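Let's take a walk through this structure together. Have the sequence and the 3D view ready, and look for each residue as we come to it.

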Amino acid sequence: MHEYFIQNVRFHEDEVVTLKGWVYNLRKSGKIWFLLLRDGTGIIQCVVTKHDCDEASFDLKDVLTQESSVIVTGLVRADDRAEGGYELIAHKVELVSLAQEYPITKKEHGIEFLMDHRHLWLRSRRQHAIMRIRHTIIKSIRTFFDQRDFILVDTPIFQKMATEGTATLFETEYYDDKAYLTQSGQLYAEAAALALGKVYCFGPTFRAEKSKTRRHLTEFWMVEPEMAYYDLEMDMDLAEEMIMYIVAEVLLNRRQELETLERDISKLEAIRTPFPRMHYADAIKLLQEKGEDIPWGDDFGAPHETIIGESHSSPVLVHHYPADIKAFYMKRDAEEPKYALAVDMLAPEGYGEIIGGSQREDDLNVLLERMKAEGMAPENYQWYLDLRRYGSVPHSGFGLGLERTVAWICGLKHIREAIPFPRTMTRLTP
Ligand code: 4AD
Ligand code: MG
């Protein structure tokens with residue numbers, strides 16, 4: 001079987017090829033018309049004249065509408081003025097299905113209108129660029145872990161208990177019982193790490209966020225590595241290496257897409273390891289120096305993260321948060337127990353937290369006390385506590401929010417464009 005795609009026409013100069021796609025745009029001028037054809041891999045201009053094309057094909061100019069599906073056969077010709085450097089001299093145009101009047105036109109549409117038509121909006125050049133970059137980020141994450149001998153372990157979506165606090169749980173019926181949609185695969189990844197050493201899970205996670213912000217979805221994808229015998233330091237090293245790899249892969253493979261998005265590529269090229277590492281107490285000092293009214297002990301809000309992130313051209317690793325504002329499973333610093341061995345990575349350019357991670361509490365009794373202090377029911381976590389009963393070891397991990405990362409790398413103003421079909425407090429369709 002031989003298929004031709006627009007992204008590969010450069011290998012077929014002066015050959016006749018058949019391209020299957022949709023009408024992106026039409027321009028007519030008397031004896032000649034131009035069809036911008038898209039096929040998902042790219043966009044090419046097809047030149048249609050009576051000289052090169054049969055009559056029936058030529059006459060389609062009065063019929064075709066935006067997004068009609070068509071098959072075009074023609075000669076690939078190099079042309080410096082053409083988008084992508086090539087155009088197609090059409091010999092034949094076949095109509096597959098005539099599109100009704102397409103709702104998304106060249107005029108400016110409001111964001112709600114576009115989101116209501118997300119299933120069609122995905123056909124636009126800008127959305128193609130975002131989806132391709134998202135794809136490359138996912139692929140690079142998988143390759144990164146694969147090259148380091150991590151084993152992918154999928155974790156359940158129906159769960160019996162909370163990982164990140166009960167406030168954002170989505171509850172659902174489960175026969176005669178109830179279940180929650182997963183907030184994180186971490187606790188299961190910990191079990192897998194004690195079984196297999198170095199593992200990661202990568203899947204959708206759910207949070208009933210009560211705030212409408214440009215950084216929050218109710219359904220988002222998270223990759224969570226978990227490593228036996230890793231301390232916080234090693235955890236941070238791995239997070240930094242992973243981000244560096246992702247950015248390098250996108251710069252290498254998706255430059256054109258970044259240009260389509262008008263991303264300031266120099267900002268991505270400026271990222272260097274080692275990333276700055278900042279103790280929470282120093283981050284508080286920095287914020288106070290910048291005039292923020294935030295006392296030691298408070299968690300950062302989005303504006304605080306923006307300030308810290310903007311003070312560096314590479315992502316910043318803020319570590320040693322006060323234990324009281326962090327999750328129950330985080331190990332405390334032995335010398336200063338008011339601090340948790342936690343880390344957040346804050347992206348540059350005001351994008352805020354993209355990674356949250358920690359060294360895990362590996363002592364059974366300390367963990368039990370932590371759970372009691374938080375009002376949690378240990379009976380729901382017996383299997384998790386088993387991990388401390390049978391061969392407990394120091395271990396660490398982190399979670400990277402995929403859409404936050406896509407939004408940052410693509411330079412998007414809002415996270416809703418970073419996922420094909422966003423779910424937010426106010427959106428469940430399409
Ligand atoms: O910081 P979080 O809550 O950490 C965890 O869930 C840990 N269990 C991860 C681990 O150690 N294995 O979430 C991790 C990341 C955040 O840094 C952020 O990038 C993203 O997930 N995130 C969200 N992204 C979009 N919408 C939301 N509502 C998000 N909540 C968290
Ligand atoms: Mg977090």
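This is a predicted model: local features need pLDDT of at least 70, side-chain atom pairs count only at pLDDT 80 or more; totals for chains, interfaces and linings use all residues.

Now zoom in on the nitrogen atoms of the ligand. In the side chain of E224, an N or O atom is 2.7 Å from a nitrogen atom of ligand 1. A polar side-chain atom of E209 also lies 2.8 Å from a nitrogen atom of the ligand. With F398, look at the backbone instead: a polar atom there is 3.5 Å from a nitrogen atom of ligand 1.

How much of ligand 1 does the protein cover? On its own, ligand 1 has 630 Å² of accessible area, and the protein covers 93% of that.

Next, move to the second largest pocket, which has a volume of about 780 Å³. Its lining is made up of 24 residues, and Y24, I104, T105, K106 and S124 lie nearest the centre. Elements giving two or more residues to this lining are the strand β1 (16–29) and the helices α2 (111–116), α3 (118–121) and α4 (125–147). Which element gives the most? That is β1, with four residues. By class, the lining of this pocket divides into 10 nonpolar, seven polar and seven charged residues.

How values were computed:
Residues are numbered from 1 along each chain as its sequence is written. Chains are lettered from A and ligands numbered from 1 in the order in which they are written. Side-chain values use heavy atoms; hydrogens and water are left out. On a 1 Å grid over the protein atoms alone, a cavity is a set of points where a 1.4 Å probe fits but cannot get out, and a pocket is an open set with protein on both sides within 12 Å along at least five of seven lines; lining residues have an atom within 4 Å of a point. Grid points are joined across faces, edges and corners, and a volume is the space filled by probe spheres set on the points. Ala, Val, Leu, Ile, Met, Phe, Trp, Tyr, Cys and Pro count as nonpolar, Asp, Glu, Lys and Arg as charged, and the others, Gly among them, as polar. A polar contact is a pair of N or O atoms within 3.5 Å; within protein, one must be able to donate a hydrogen and the other to accept it, and residues adjacent in sequence count only if both atoms are side-chain atoms. Accessible areas come from the Shrake-Rupley method with a 1.4 Å probe; for residues, only the protein chains shown count as cover.
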